[in-house]
Amino acid sequence: MGLFSFFKKKKKKEAEEADNIQEEIRRETAEISQEASEASQEVEEQQPEKGTVQVPQSDTEGNHAADEKPQSDAAIRQAEEEKRRAEDEKRRVEEQRRQAEEERRLAEAEEEKRLAEEERRQAEEEKKGLEKSLKKTKEGVFGRLARAIAGKSKVDDDVLDKLEEALILSDVGPNTTIQIIERIEKRVATDKYMNTSELNRILKEEVASMLAENKGSDSGYFEAPENGDPYVIMVVGVNGVGKTTTIGKLANMFKKQGYKVMLGAADTFRAAAIDQLKIWSDRAGVDIVAQSMGSDPAAVAYDTIASAKANHSDVVIIDTAGRLHNKVNLMNELTKIKKVMQKIVPSAPQEILLVIDASTGQNAIEQTKQFTEATDVNALAVTKLDGTAKGGVVLGISNEFNIPVKYIGVGEKIDDLQIFDKEQFVDSLFNF
Ligand SMILES: Nc1nc2c(ncn2[C@@H]2O[C@H](COP(=O)(O)OP(=O)(O)OP(=O)(O)O)[C@@H](O)[C@H]2O)c(=O)[nH]1
Ligand SMILES: [Mg+2]
């Protein structure tokens with residue numbers, strides 16, 4: 001569920017309110033109709049029965065009748081007047097209802113337009129941010145490639161060699177580079193007259209379709225459990241990759257989407273790590289559960305989940321330490337954290353998010369291998385794309401692992417996190 005779902009929830013509430021108003025108007029109309037029909041019944045009762053002639057029965061009675069007649073005429077007139085008024089009122093209320101309905105329809109259309117516009121603007125801003133953060137990758141390597149192939153009339157072996165070199169240098173990784181080159185070779189073979197200016201279009205198409213084949217790299221959002229339990233994200237990764245920063249950015253993003261977020265400071269190795277997460281929780285305006293330095297990370301995780309459940313939080317994000325000396329230690333620690341969380345929320349953690357630093361290039365791929373062997377990582381966040389020329393590593397990771405790259409970090413600020421969009425990424429990367 002994303003931003004759009006949040007707005008949809010808001011719209012649903014507004015529609016319910018509008019329905020209540022409509023119901024009130026409908027009730028009012030029904031009451032007035034009832035009054036009108038009572039009034040017209042009264043008029044009918046006052047009127048002499050059709051076909052009967054009223055004959056005065058005696059002189060005295062005749063005198064009486066003469067006295068009563070103007071009274072009954074007045075009553076008829078009054079009843080008729082009442083009926084007219086009731087009918088006028090009914091018309092007025094009906095007109096009001098029609099207008100309210102019309103206004104509601106217009107407001108709905110307006111809101112939909114505003115939402116679409118907002119989404120478009122956001123997408124545009126993200127694309128600009130992404131292009132800016134990929135600047136180094138593009139200038140460093142693909143820029144060199146662009147210069148090398150400029151002026152060449154067709155895509156020949158020399159051009160393909162330079163492309164291969166560029167992909168390797170931008171840390172796409174050997175396996176993915178080979179796949180891309182093979183695809184381009186096929187295209188060149190079928191389309192003999194392809195020129196170099198078409199190369200970036202072809203690259204975009206081929207890389208996008210290569211990534212699309214990896215079904216593991218879809219989706220950016222999450223589904224909260226149906227039973228009201230929180231969705232728990234356990235964040236893992238080696239020292240300094242940007243775990244805590246990414247947690248702060250995620251907390252901010254989820255909060256903005258209307259979710260209730262709680263953070264757990266289960267990196268208890270350093271006092272500074274706890275303080276750092278506290279600062280992010282303040283910035284994002286979300287709750288945090290922390291204990292003192294050196295306390296058991298599993299106990300902190302347990303407290304966080306218990307507190308999140310009691311407070312009806314939607315999302316819990318658990319920070320973990322990056323400095324465990326070996327794989328066995330790491331695995332034991334993470335398993336222990338998982339087990340205690342499951343005592344409260346059996347499906348927790350629904351997400352184990354591995355954070356990797358793009359600027360470490362092939363090391364990031366190696367870390368992904370190691371962590372996926374040690375734990376059930378099911379989502380990836382690639383950080384620091386803004387400061388590196390090794391942005392190509394995202395392509396390699398997205399292509400070679402069956403785990404979706406969900407988020408990318410494009411700066412140190414709270415808003416510098418994007419939901420990874422393969423197509424948009426490829427489009428920005430090969431836009432030279
Ligand atoms: N430029 C840039 N810097 C980032 C990004 N994400 C994190 N950083 C920086 O990377 C450094 C380390 O980030 P942390 O969030 O502390 O990393 P960590 O993984 O929690 O580190 P440990 O707790 O020591 O294991 C900080 O200086 C962050 O500001 C990013 O997307 N872009
Ligand atoms: Mg940290």
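I looked up which element gives the most to the shell around ligand 1, and found helix 7 (residues 243-256), with three residues. Helices (H or I, at least four residues) and strands (E, at least two) are DSSP runs, numbered from the N terminus. The model is predicted: local features need pLDDT of at least 70, side-chain atom pairs count only at pLDDT 80 or more, and totals for chains, interfaces and linings use all residues. Residues are numbered from 1 along each chain as written, while chains are lettered from A and ligands numbered from 1 in written order.

I then listed the surroundings of ligand 1: 20 residues, the closest being G242, T244, T245, G322 and G409. A residue counts as near if its C-beta atom, placed from the backbone, lies within 6 Å.

Eight strands form an open sheet in the order 3-2-4-1-5-6-7-8, with mixed pairing; two strands pair if DSSP finds at least two bridges between them. Strand 3 (287-289) and strand 8 (417-419) stand at the edges, each with a single partner strand, so one side of each has no neighbour in the sheet. I noted that strand 1 (residues 231-236) and strand 4 (residues 315-319) run parallel, joined by five bridges. Y231 stands opposite V315 in strand 4.

Helix 7 packs on this sheet, and among the strands it touches are strand 1 and strand 4. Contact requires C-beta atoms, placed from the backbone, within 7 Å. The direction of helix 7 makes about 170° with that of strand 4; axes are lines fitted to C-alpha atoms, for helices over the stretch in contact, and angles run from 0 to 180 degrees between N-to-C directions.

Key. Two residues are in contact if their C-beta atoms, placed from the backbone, lie within 7 Å.
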